[in-house]
Amino acid sequence: MVYKSWQEVCLPWDEGGFDVREILSWNKALIAKHLWHLDHGGGGGGGGIWAKWVRLYNLSSKDIWEITPRNHHSQSFRALLTIRDDLVELLGDIVQARHSLHRCAVAGTFSVTAAYHLFRSRKNRVFWARALKDGAVPRHGIIASLASRSQLPTVDNISRRGLMLVNRCSLCKVRGESHRHLFFRCSYSYEVWQQIFTWMSIGGRSRDLITELHWTAGHGKRKHWKTKWFRVGLAATVYFVWNERNFRVFNGVERSPASLVRIIKYFVAIRSLSISSPRDEAMVVNALNS
């Protein structure tokens, strides 16, 4: 599994990443807290002894947003001014930078997490974020998100990197292996999906992962337990189809569609009960036993 860049991995889940904090941006956010303390407009007299010392010897009556680096300034203070300049460049001008920095503070307490979002990379929200984040087992959601981007190491993806492999689906052993084929078009995975859809009382579904993610995302605002149940089932089925593929490739072990469905049902049952409210628990149990 390879993302195009580390920055993409560090994006929030809603923007297609895995919520891994990017250390450089996090470090800038930590330094920005000192900048907030030193700001005459919003930091007040806070920041402890260090802030008082800096105000006395480095700032005097000057504004932290306008002071320029001097030879006598310490390395840490120069780093703070660098972060200040980065923030101004990022937001366009001092007024916007100062305003955004003050918005990171709530009731006199500075939020480093809020400041982190000022510095981190950004991308547009992805449609499947809600469908795979809310309720699904994290590792299931990660594999499903990679599958939706066609970023799993299927044979066709590996071949594009110059490795010559026999392109044959390890599940049906008939057609070539690609994301589009493996998760819905393959006769093996299709049988698994049909049993899962029947179990969940969902009829007339398509044979395309992206379409299913669109459908699930479109129903994402519904708080009904069946919506959560389907999200869990969708991510779990994608995960275990990929797991079955890897079992066959690396271990030479094959499981029937019925065996895989039993495993999926077990994980869906455990996860669904763990995220259900007491009010919905009885209905979930009845559905799982159906």
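This is a predicted model: local features need pLDDT of at least 70, side-chain atom pairs count only at pLDDT 80 or more; totals for chains, interfaces and linings use all residues.
Before I show anything, one definition: when I say that two residues touch or are in contact, I mean that they have heavy atoms within 4.5 Å of each other. With that in mind, take leucine 101, which is found in helix H5 and which touches Ala32, Leu35, Trp36, Trp65, Leu87 and Phe110, if we leave out residues up to four places away in sequence.

Residues are numbered from 1 along each chain as its sequence is written, and side-chain values use heavy atoms, with hydrogens and water left out.

Let me begin with the whole protein. Its secondary structure comes to 15 helices and 2 strands, where helices (H or I, at least four residues) and strands (E, at least two) are DSSP runs, numbered from the N terminus. Of its 290 residues, 46% count as buried; buried means under 20% relative accessible area, exposed means over 50%, and partly exposed is what lies in between, with a 1.4 Å probe and protein chains only. If we take the contacts with a separation of 6 or more, residues 24 or more positions apart account for 58% of them.

Now to helix H4, residues 75-91. H4 has 17 residues and reaches 25 Å from its first C-alpha to its last, close to the 24 Å expected at 1.5 Å a residue; the expected span is 1.5 Å times one less than the number of residues. Which residues of H4 are buried? They are Phe77, Leu80, Leu81, Ile83, Arg84, Leu87 and Val88. These residues cover an arc of only 155 degrees around the axis, which puts them on the same side of H4, the arc being that of the directions from the helix axis to the C-beta atoms. The buried residues of H4 pack against helix H2 (23-38), helix H3 (48-59), helix H5 (94-103) and helix H6 (112-119), and after H4 comes glycine 92, with a positive phi near 110 degrees.

From H2 the contact is made by Lys28, Ile31, Ala32, His34, Leu35 and Leu38, and from H4 by Phe77, Ala79, Leu80, Ile83, Arg84 and Asp86.

Back to H5, where our opening residue sits. Its buried residues are Ala97, Ser100 and Leu101, and they cover an arc of only 100 degrees around the axis, which puts them on the same side of H5. The face of H5 turned away from this buried side carries the exposed residues Val95 and Arg103. The buried residues of H5 pack against H2, H4, strand S1 (105-106), strand S2 (109-110) and H6.

Another buried residue is arginine 55, at 14% relative accessible area, which lies in helix H3. Arginine 55 and leucine 38 are 17 residues apart in sequence and 7.0 Å apart in space, C-alpha to C-alpha.

How many of the 11 residues of helix H8 (residues 138-148) are buried? The count is 8, so H8 is largely enclosed by the rest of the structure.

Finally, two loop residues. Most residues other than glycine have a negative phi. Alanine 107, however, has a positive phi of about 55 degrees; this residue is in the loop between S1 and S2 and counts as exposed, at 81% relative accessibility. Serine 150 has a positive phi of about 60 degrees; serine 150 is found in the loop between H8 and helix H9 (155-159) and is partly exposed, with a relative accessible area of 39%.
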